[in-house]
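Please look over the sequence and the model below before reading on.

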Amino acid sequence: MGEIWRFNYEDEKFPDVVDALWEDLKPFYEEFHAYVRFKLHQKFKDDPAAKDFKADGLIRASVLGNMWAQSW
């Protein structure tokens, strides 16, 4: 019975749908990431403990509070 219930949600094109969704969201994600990175750089640029934090690099997980960034 569970298989019958799930049948309506099956999609053979699911990987293509996910790829298309990512292509739609990617520009927003990159812009959002750049904004957050810029603001964090502004906040931590004078902190000696954050000397390796770059305005144009990756966002360190330790800056966001935890590994999953749940505390933003």
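In this predicted model, helix 2 is the element that gives the most to a negative surface patch, contributing four residues. The patch as a whole is formed by E3, E10, D11, E12, D16, D19, E23 and D24.

**The negative patch**
- D24, which is one of the residues forming the negative patch, has its place in helix 2.
- D24 counts as exposed because its relative accessibility is 62%, and the cut-off for that word is over 50%.

**The overall fold**
- The protein contains three helices and zero strands, so that reading along the sequence gives the pattern α-α-α.
- Of the 72 residues in the protein, 12% count as buried, a word that is used here for a relative accessible area under 20%.

**The nonpolar patch and the kink**
- A nonpolar surface patch of about 640 Å² is made by L21, W22, L25, F28, Y29 and F32.
- Among these residues, Y29 lies in helix 2, and Y29 is described as partly exposed because its relative accessible area is 44%, which falls between the cut-offs of 20% and 50%.
- L25, another member of the nonpolar patch, is also the site of a kink of about 40° in helix 2, which spans residues 14–44.
- The kink at L25 comes shortly before the proline P27.

**The buried residues of helix 2**
- The residues of helix 2 that count as buried are H33, V36, R37 and L40.
- An α-helix has 3.6 residues a turn, so residues three or four places apart point the same way.
- R37, which is found in helix 2, is buried because its relative accessible area is 16%, under the cut-off of 20%.

**Contacts across the sequence**
- Which residue lies 22 residues from R37 in sequence and 6.1 Å away in space, C-alpha to C-alpha? The residue is I59.
- D56 lies in the loop between helix 2 and helix 3, the latter covering residues 61–64.
- Buried or exposed: how does D56 count? D56 counts as exposed, because its relative accessibility is 66%, whereas R37 is buried.

Key. Residues numbered from 1 in each chain as written. Predicted model: local features only at pLDDT ≥ 70, side-chain atom pairs only at ≥ 80, totals over all residues. Heavy atoms only, no water. Bend = angle between axes of the 7 residues up to and from the residue. Helix = DSSP H or I, 4+ residues; strand = E, 2+ residues; numbered from the N terminus. Buried < 20%, exposed > 50% of the residue type's maximum accessible area, 1.4 Å probe, protein only. Patch = residues over 30% accessible without salt bridge, like charges linked within 9 Å, V, L, I, M, F, W, Y side chains within 5 Å. Areas by Shrake-Rupley, 256 points an atom, 1.4 Å probe, with all protein chains shown as cover. Salt bridge = Lys/Arg side-chain N within 4 Å of Asp/Glu carboxyl O. Lys, Arg positive; Asp, Glu negative; His and termini not counted. Charge placed at Lys NZ, Arg CZ, Asp CG, Glu CD.
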